[in-house]
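Biologist: Could you take me through one part of this model closely, the open sheet and the elements around it? I would also enjoy a look at the loops and helix pairs elsewhere in the chain.

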Amino acid sequence: MTITVRDIAADPALEVRAVAGHRGLDRPVRWAHVTELHDPVHWLRGGELVLTAGMGFGDTADERRAYVRRLHDAGCVGVGVAVDAWTGGVPDQILAEAERLGLPVLQVEGETPFIAVVETVAEHHAAERTREQSRVLAAQDAMARAALRTGPPGVMAELASATHGQTLLLDRNGTTTAAVPGAEPPWHALVRASVLDRARRPRGMTVLEDGEAAVLLQTLGSSGRVLGWLALRSPSPVSPHTRMLANDAASLLAVDLLHSRRARRTLYRERAPLLRAAVLGTSLPASLLTLPEPPWEVVCLPCADPRALLDEAADTLVDVLGDTDAARRAGLCGIDDALVAVLPDHRPRHGERLWTALSGLVPGAGACGARGPAELASAVDRARHAADEGYRHVDEAGAWELLRSSVPPEGTRAFDQAVLGALREHDARHGTDLVHTLRHYLDQGAQVEATARELGVHRNTLRARLRVAERVMGRDLRDARARLELWTALNLEPMPCRDGTWHT
């Protein structure tokens with residue numbers, strides 16, 4: 001709470017009375033400054049209550065009015081004039097100009113020294129700093145207790161309450177982990193765009209402008225791998241105490257995330273020996289393998305140090321599978337010259353996304369399907385032989401790869417133009433994405449509901465796109481031959497997907 005000119009005039013310990021400029025009495029006083037200079041503006045910063053005996057007013061009416069205007073233009077919040085039997089009252093020109101500008105004039109009367117007014121302002125600010133520090137300490141204590149009781153959501157709620165702001169916690173992929181309030185306001189998009197821009201991704205604490213508010217964006221993780229981001233939206237400008245609380249909250253959240261990462265790595269390490277025995281051909285009870293429900297995608301990642309790669313892969317699986325039960329139950333283990341991952345069998349392939357995330361550490365990855373524990377050893381062997389440059393799934397190789405390799409590039413282009421030419425021209429002309437939509441639709445076995453979920457659109461939106469595609473191509477998607485030709489044309493060449501992976 002600030003101290004205003006009105007508070008000083010109303011203080012019973014001071015003999016101070018407002019005599020002009022009453023409409024400015026609610027201006028906050030940053031400091032009280034004594035000066036007898038005729039032009040003290042150079043020594044002021046704004047927000048001061050100027051205290052004077054009037055020696056700098058000047059002798060003429062114009063000089064006195066100019067004196068008031070200089071103080072007003074410099075951002076002063078009022079003028080306190082000492083009045084006693086020797087000095088008389090405040091000059092009329094001072095009062096008139098101050099009243100016109102709304103600059104309060106206070107008569108400092110009787111035995112009240114200027115130092116008493118200065119001390120009143122100083123004591124108020126000191127008490128306010130003490131109160132603010134107490135609020136910060138209470139908020140820090142509340143966040144620490146929340147971290148122990150409810151984890152990140154509790155920390156986010158306490159931070160929002162203490163700063164009268166809104167909070168957002170993002171994981172490494174820019175996905176919302178927790179938010180207060182829980183809705184998706186527009187400023188979330190501003191934060192997400194900032195963290196997903198890899199070229200200009202912020203490090204440490206950054207301030208983003210959002211109209212009249214400011215968004216503090218703090219990287220979680222002191223060094224090395226970024227664990228996520230904390231964003232706090234609060235009124236601008238941001239106070240030092242708000243920055244302090246945001247930094248404290250970021251530390252608590254980073255500790256929680258680091259603990260979760262260590263716990264996840266430990267879990268995978270503890271389960272690795274059992275999985276290693278299974279993939280090397282040892283017969284084990286299925287109950288000992290805490291894997292997702294089969295079928296599985298068995299991925300083999302050749303590397304020199306499988307144990308070191310296991311920890312990196314454990315962190316990356318959260319990016320690939322999300323913080324889900326499937327991620328917690330997926331299996332990782334090292335064999336002689338490779339890291340083996342057992343993942344849920346899914347399209348697009350989780351193994352390809354895992355390899356893409358680790359591609360700076362391993363040159364390639366081989367994958368193979370397995371329908372149960374008995375097939376793990378053979379799946380690892382086949383995946384191991386398939387591993388080369390890039391990602392290769394043996395179940396998708398063979399006859400189809402033979403067909404693709406036997407069709408010359410000019411034949412691929414001619415077939416693509418015959419089947420998809422009109423659709424590609426429509427996409428280019430209208431900015432649509434019908435070719436990509438058809439690829440997902442056919443990969444999902446022409447199932448509207450499954451395709452809509454994968455693309456993140458409403459099923460009616462998907463149906464409308466498919467009707468447009470049929471009209472543009474002149475083909476009926478219910479016709480088996482039309483679907484075969486479309487699927488073949490879409491698969492003759494790899495196609496980039498919107499999620500950054502490739503359809504292969």
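Modeller: Happy to; what follows starts with the sheet and then moves along the chain.

Please keep in mind that this is a predicted model. The sheet is open and built from five strands, ordered E7-E6-E10-E9-E8, with antiparallel pairing. Strand E7 (176–180) and strand E8 (205–210) are the edge strands; each has a single partner, so one side of each has no neighbour in the sheet. On average, neighbouring strands here are turned by 15 degrees against each other, direction ignored.

Within the sheet, strand E9 (residues 213–220) pairs with E10 in the antiparallel sense over eight bridges. Along that pairing, alanine 214 stands opposite serine 234 in E10.

Two helices pack against these strands. Helix H6 (residues 186–196) touches strand E6 (166–170), E7, E8, E9 and E10, and the direction of H6 makes about 35 degrees with that of E6. H7 lies across E6, E8, E9 and E10 and runs at about 30 degrees to E9.

Histidine 164 sits in the loop between helix H5 (152–163) and E6. Although histidine 164 is not a glycine, its phi is positive, at about 55 degrees. Its relative accessibility is 72%, so histidine 164 counts as exposed, the cut-off being over 50%.

Further on, the loop between E7 and H6 holds proline 181. The peptide bond joining valine 180 and proline 181 is cis, with omega about 0 degrees.

Serine 239 belongs to the loop between strand E10 (228–235) and helix H7 (240–279). With 29% relative accessibility, serine 239 counts as partly exposed, because that value falls between the 20% and 50% limits. From C-alpha to C-alpha, serine 239 and histidine 42 are 26 Å apart in space, and they are 197 residues apart in sequence.

Now for the helix pairs. The axes of helix H13 (residues 409–430) and helix H14 (residues 434–443) come within 8 Å and cross at roughly 125 degrees. H13 and H14 are therefore oblique to each other. On the H13 side, Leu423, Arg424, His426 and Asp427 meet Leu434, Val435 and Leu438 in H14.

The loop between H14 and H15 contains alanine 446, another residue to check for its backbone: alanine 446 is not a glycine, yet has a positive phi of about 60 degrees.

Next, helix H15 (residues 448–455) packs with helix H16 (residues 459–473) at an angle of about 105 degrees, their axes being 9 Å apart. That angle makes H15 roughly perpendicular to H16. Val448, Glu449, Thr451, Ala452 and Leu455 of H15 make the contact with Arg459, Leu462 and Arg463 of H16.

Lastly, helix H17 (residues 480–491) has 12 residues and reaches 16 Å from its first C-alpha to its last, close to the 16 Å expected at 1.5 Å a residue. At the start of H17, a side-chain oxygen of aspartate 479 comes to within 3.3 Å of the backbone nitrogen of arginine 481. The buried residues of H17 are Ala482, Leu486, Thr488, Ala489, Leu490 and Asn491.

Definitions and conventions
Residues numbered from 1 in each chain as written. Predicted model: local features only at pLDDT ≥ 70, side-chain atom pairs only at ≥ 80, totals over all residues. Heavy atoms only, no water. Helix = DSSP H or I, 4+ residues; strand = E, 2+ residues; numbered from the N terminus. Expected span 1.5 Å × (residues − 1). Buried < 20%, exposed > 50% of the residue type's maximum accessible area, 1.4 Å probe, protein only. Polar contact = N/O pair within 3.5 Å; in protein donor to acceptor, adjacent residues only side chain to side chain. Pairing = 2+ DSSP bridges. Axes fitted to C-alpha atoms, helices over the stretch in contact; angles between N-to-C directions. Contact = heavy atoms within 4.5 Å. Parallel < 35°, antiparallel > 145°, perpendicular 65-115°, else oblique.
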